[in-house]
Amino acid sequence: MNGIVGKKGRPLFTMATRTLVAVANRYKVPLTIFLLIYLDLLNCQQYAIPFKSPSDCTDEEFFDISSLSCVRCGPNQRRSTTGLSCICKTGYQTLTSDKASITCQKCPADRPAVTKDGFGCIGCPTSVNDEGKCQCPASNILVERDVNGNLFDVARCEMCNENSPDLSVPNISGDRCERCQASFVNTSCVCSSPNVLAGGLCLPPSSLSTNVNPSVNYAQLKISVQSAWFFKNLYSSSAACLVFSNLTACQALGNMCVMNMHSISGVSTDACGLFNTIFRSRAALSSTQDISYWRVNLPWLYYGDEPGLASRVLQNDPVPIKFSFRGRNKNTDIKLIAAVYNIGGEFLRWEKVGGDNLQLCPETTAKRAAAFTFGTAYQESCDLSIAELLGSHPEPLFYDVFMDLGGGDNRKLLSLPTLVYNQQYNGRFINQESMKNWYLSRRMFAVDTLSGREKSISSLPKVIRVASSIKIRFLLVPRTQEGQVYPPLMTVTYTDVAITDINTQTVSTTFAVEYEMDQNEARIKTDTALGVLGGLALMYSLLKTVSWKRRIASPLIDVETMLKFLLFYAGDLANVFFAVTVGTGLYWLIFYKAQQFVSVLLPLPAQEEQFVTYIGCAFALKAVQFLHKLILQVSIDVFFIDWERPRSKTSRTVQAAGELNRDPSSVSIWRTYFVANEWNELQTIRKISPTFQTVAVLFFLEVLGFSNLALRDPMPALQRSPEAYTPSYSLMLRYGLAATLWLGIGLLQVIFFTVFYEHFVEDKIRQFVDLCSISNVSVLLLSHRCFGYYIHGRSVHGHADTNMEEMNNNLNRESESLCGQRGLLPNTEIQTFQVSLNNRLRLHYDRIREQIGRRNGRSRLIDANSANQFEQRARGYQTMNHFLGSIIDHAHHEMDYIVKDKLMFERIIGMEFLEPSEKSIFYNDEAHSFSDVLFYGNEATLLIFDTLFFCVVDLGSQSFVLAAVLTCVQQMMFRLIRNTLGRKNLVSKTLVDERFLI
């Protein structure tokens, strides 16, 4: 049979087949991926189960703990109270029971009740309760079997004999008679009037007033709650403690006082008032453990209310333990142990402090254990869910905390005083006042979700109380060399939380351990150093001001003088603050981290505030000094003296002013432009590489881990395990470390640059002086009105506009000493000078400056007015060039100068003793101090400013990386400002076209 043929003669079947193949090939990869994903999902679904919890099961189902699902109960069965099994319905007895299932059968009509064990049916002498079991009247017990265990057909109700001498009552289960409580034992187990029945006790009427106050005061919320727990137990506990000296009742009463924040008021019927009433009644009895504040049969809640007692307890007798960070006698373990009581006053156990008893935040065991390593400043904070707290702390636990002193068989415990921050004394929060008013206590709790229950003990609390801050503080004994401390103080702050929505509410909590030492001595030493050095800085600033007045030739003390003095003093005082703070930080870094026996402890963050203030002062004052120097550098007077003369015959005409006019047409300006361009490039060079400086500091701090040395713990380790606890940084150590590293690396760079690089690679300052000599151009720099620097660049060959061959010959002659030396004076090499000008020379200089003008802009030679203006300024430039050249050549006797050396003392204090009244003075300056008008000569100021900037940013952000980035940014910004303003000043003062300053 022929196939169906298409239009072009091809079978349609063949065409369809090829189309399917093409489609399959085209979508081969996507289809493969889809099939793989689908098969993978099928495999995943094979291991998925539906989620079920016991609350999801109905009344006819129980939660099977094996299959984690709800399973239907059998016939005549219902879910048990736990929801994890099935039990027979009311009126049905259990026939068989195994681990998997039970069988239930209805009881006959003549025996309608079920026995207590559920396996038999029995008749009742009286009535049947809701659970289908027999119920007896009060004072009767239910008897279902004989002495041999045979089941009666009808149960019996046997009455207990409450009269003497039997004095029996039914037990809690109601199945046997027991002797009644001792307080009833008189003639009957009935608490007859006028006796008071409370808490299962029969109390005499005159023992204690029944009018007790069961309220709990929540001062933060300004409300009081009538506590269901207090209402039920306050009177019975206090009466049993007072009358019968019941130990558990006394502990329970003490717990209720602790839940009321140990607060004492004029009300004697609240928990603490009742406790103190009993406390005073035991004054005649002996004390417990020879501690006067611990009365017989009572818990120890208070230390006493004598003024100043807190300081005597906390700062009189050291703990007989010596702490050491390293060495053979290393001891950094803090061993705290607590006696734990429940809400009813029962002693539960001795428990090591740590874990989750006082540290409520969920953390690893290793991190929690770090809290009890001496010297490690520990703090953990978190937000806790109210719903989780209600589930994990249905009742509060109470802790009497002690410090384990060791001693082997003669083991001793030292009690830890507790300062409850919320405690009130007659309405005053005394523990928020000065130490002399503190009222120390003992017992504490972490979470109380019970006392705020108002209607019943099982109801949702109206308010809960959480220890939002638990802080243990160790105080070092002054001048100890053996690591002794005073008894540690535990400060507890509670937060009252009004319950609104337990699923969304949270409360913050913090656990901290801190270490403190008396900082008064260190503070006095620091202030003394600041005072002494500040006085020296004041004197040095006065010398600088006097020197400045001499250099500007002004004898008057005016407002400008006072302002200048303040600017000088700001810089010198900044150096004082910087030296003191760096020294202080380095001292703590070395002595704290390197000590063996503990003798110093780091200042607390609050105690570092004054130190940070000093750093801020240093930075602010150094910034003022830096900006002052920057302004001075971009406003100095600069002039390039061109010594080149035309090789052709010079036309000379006498001018009206008697000055010589030289035709400059044959003298090239390129040499001056070249020198000006090199000077422009020198303005921001430094003795260090800022980029290398930043990278090196970050490498040490972040890569090698030097930043870990600033942590508030005694370990000098550079690397820390990720699982280990990382304490907070000490600002003092962080500053000392960062400043020392920055200064150290900077000084190493300066030494390398000065000793090696400048001698063997490149010395740009000396090269500039050589360039001036080769270019036949001298440079006059006036940093003050009558003081500045002179670079003598007059060529010893007479001309610098030469060809290559002549230039090379001149250099060869100079190297072979076949010509004169470059110095200003004959047969000398000194080319750089500090110049002190007399007033006449300066006045003449200013008159010529007026011709040059101070306008900064590009010359427009095609514009007639601009050309005219430029020609006038060029003429003034030539006049100034000739004038200064003639001064150097001693052509003006009334403005002559002398050359001399500066005295050593003059160099040290930076002031000239001689005033240039008649002649100007050129001081030999082999140190090239003209660099003082450049960044190069102010490296110390720049280095300190960068150090302070880096440290201030780091202290504010706690990030070395951010501090490094911002330091680089400010360096580039000020370098740009210095370049821009310095270029404009150079153009303005020298007439060099800005277009030629590359």
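Trainee: What is the relative accessible area of Glu433?
Mentor: This is a predicted model, and the value is computed from it. Glu433 is partly exposed, and its relative accessible area is 29%.

Trainee: How many salt bridges does the structure hold?
Mentor: Side chains of opposite charge can pair when their charged atoms come close. The pair of Arg428 and Glu433 is a salt bridge of this kind. For the structure, the number of salt bridges is 29.

Trainee: How many residues apart in sequence are the parts that Lys544 and Asp572 tie together?
Mentor: Lys544 and Asp572 form a salt bridge, with 3.0 Å between the closest N and O atoms. Lys544 belongs to helix α9 (residues 520-551) and Asp572 to helix α10 (residues 559-594), so the parts tied together are separated in sequence by 28 residues.

Trainee: Which helix holds the salt-bridge partner of Asp954?
Mentor: The side chain of Asp954 meets that of Arg734 in a salt bridge, at 2.7 Å from N to O. The pair links distant parts of the chain, 220 residues apart, with Asp954 in helix α20 (residues 939-957). Arg734 lies at residues 731-760, in helix α14.

Trainee: Which residues are linked with Asp637 in a network of salt bridges?
Mentor: A salt bridge joins a side-chain nitrogen of Lys or Arg to a carboxyl oxygen of Asp or Glu. Here the network links Asp637 with Arg842, Asp846 and Lys989.

Trainee: How are helices α4 and α5 set relative to each other: parallel, antiparallel, perpendicular or oblique?
Mentor: α4 (residues 247-259) packs on α5 (residues 271-281) with the axes 8 Å apart and an angle of about 135°. Angles over 145 degrees would count as roughly antiparallel, and 65 to 115 as roughly perpendicular. The crossing is left-handed. The two helices are therefore oblique.

Trainee: How many residues of the contact of α4 with α5 are nonpolar?
Mentor: In α4 the contact residues are Leu253, Gly254, Met256 and Cys257, and in α5 they are Ala271, Cys272, Leu274, Phe275 and Ile278. One residue of the contact is polar and none is charged. The number of nonpolar residues is eight.

Trainee: What is the phi of Ser139?
Mentor: Most residues other than glycine have a negative phi. Ser139 sits in the loop between β10 (134-135) and β11 (140-145). Ser139 counts as partly exposed, at 22% relative accessibility. Its phi is positive, near 70°.

Trainee: Where does Asn297 lie?
Mentor: Asn297 is not a glycine, yet it has a positive phi of about 70°. At 28% relative accessibility, Asn297 counts as partly exposed. Asn297 is in the loop between β20 (291-295) and α6 (309-315).

Methods:
Residues numbered from 1 in each chain as written. Predicted model: local features only at pLDDT ≥ 70, side-chain atom pairs only at ≥ 80, totals over all residues. Heavy atoms only, no water. Salt bridge = Lys/Arg side-chain N within 4 Å of Asp/Glu carboxyl O. Buried < 20%, exposed > 50% of the residue type's maximum accessible area, 1.4 Å probe, protein only. Helix = DSSP H or I, 4+ residues; strand = E, 2+ residues; numbered from the N terminus. Axes fitted to C-alpha atoms, helices over the stretch in contact; angles between N-to-C directions. Parallel < 35°, antiparallel > 145°, perpendicular 65-115°, else oblique. Left-handed = near helix turned anticlockwise from the far one by under 90°. Contact = heavy atoms within 4.5 Å. Nonpolar A, V, L, I, M, F, W, Y, C, P; charged D, E, K, R; others polar.
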